[in-house]
Amino acid sequence: MDSCQVQLVFRQPSLCKLRHVLEAELSGATGLQGTRRQLLEVLKRRGEARAEELAEVLEVTVSAARQHLAALQAAGLVSHREVKGAPGRPKHVYHLTPAAEELFPKAYDQFAAELVAFVGGEAPDLLPRLFEQRRTSRLGRTRARLEGKPFEARVREIAAILDEDGYLTAVEELEDGAFVLQEHNCAILGVAQLTPAPCAAEIDFLREALPDASVERVAHMLGGQHRCAYRIAPVA
């Protein structure tokens, strides 16, 4: 397995996409039941369709289908392309956006955990090397975003990067000038429960990304706490 494949195995959907979808659901734009959910499923199966075709399948009026499509477009879950044909206005053909994919079942964590279990059984010495490659790759991308920033800005930028990776992060500034970087979601929890390698790689990543800081883990999900947290303090 090359480093590109390793990255694909452990890549998580962007948290901002998940938040976008959840906000849309809470606002009633999608709804996991009812006509709009059915409309999304039809588009998922067909790839794309016109409002008239959707109306026929869903047994609603064309006007009602267009209203649902407008709401789903506003939520960022459906888009369209124009098809020119017979004289008159171009026809709109609708399809799902990448954000809509998050509404359909995925098994990234289970798949990654199975791969780790297989590798651990066949070549246990390979696991630390895989996570070392992942850490090195993340570190290269992170350093480019930290360059030239003061200490606090670098801590917050790392939190933003982890948030993009699905860790639901927050940063708390302490009175002594240190910071607590909190991860309220572990994007690879199923994997971390199988091997200590990802947790070791995580704190090594933070320490190398912030070489002028002391980094200490102060909370750990695998220890029964609801979050992972790291105390990050500048060193003279």
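**Loops, a helix pair and model confidence**

Thr195 lies in the loop between α9 (189-192) and α10 (197-209). Helices here are DSSP runs of H or I with at least four residues, strands are runs of E with at least two, and both are numbered from the N terminus. The model is a predicted one, in which local features need pLDDT of at least 70, side-chain atom pairs count only at pLDDT 80 or more, and totals for chains, interfaces and linings use all residues. Residues are numbered from 1 along each chain as its sequence is written, and side-chain values use heavy atoms, with hydrogens and water left out.

Stay with Thr195. Its relative accessibility is 9%, so Thr195 counts as buried (under 20% relative accessible area; exposed is over 50%, partly exposed in between, with a 1.4 Å probe and protein chains only). The side chain of Thr195 reaches the backbone nitrogen of Ala197 at 3.2 Å. Leaving aside residues up to four places away in sequence, Thr195 touches Val116, Leu127 and Phe131. Contact means heavy atoms within 4.5 Å.

Two other loops hold residues with positive phi. Glu59 is found between α4 (51-58) and α5 (62-74). Its phi is near 60°, a positive value in a residue other than glycine. Is Glu59 buried or exposed? At 73% relative accessibility, Glu59 counts as exposed. Leu168 sits in the loop between α8 (151-164) and β4 (169-173). Leu168 is also a residue other than glycine with a positive phi, here near 50°. Its relative accessibility is 34%, so Leu168 counts as partly exposed.

Now turn to a helix pair. Two packed helices are described by the angle between their axes and the distance between the axes. For helix α3 (residues 35-46) and α4, the axes come within 10 Å and cross at roughly 115°. These axes are lines fitted to C-alpha atoms over the stretch in contact, and angles run from 0 to 180 degrees between N-to-C directions. From α3, the contact uses Thr35, Gln38, Leu39, Val42, Leu43 and Arg46; from α4, Glu53, Leu54, Val57 and Leu58. These residues divide into 6 nonpolar, 2 polar and 2 charged. Ala, Val, Leu, Ile, Met, Phe, Trp, Tyr, Cys and Pro count as nonpolar, Asp, Glu, Lys and Arg as charged, and the others, Gly among them, as polar.

Last, confidence. The chain averages a pLDDT of 83, and 82% of the residues score at least 70. pLDDT is the predictor's confidence in each residue, from 0 to 100. Over residues 1-15 the pLDDT is below 50. Beyond near neighbours in sequence, this stretch has 28 contacts in the model.

Note on methods: A polar contact is a pair of N or O atoms within 3.5 Å; within protein, one must be able to donate a hydrogen and the other to accept it, and residues adjacent in sequence count only if both atoms are side-chain atoms.
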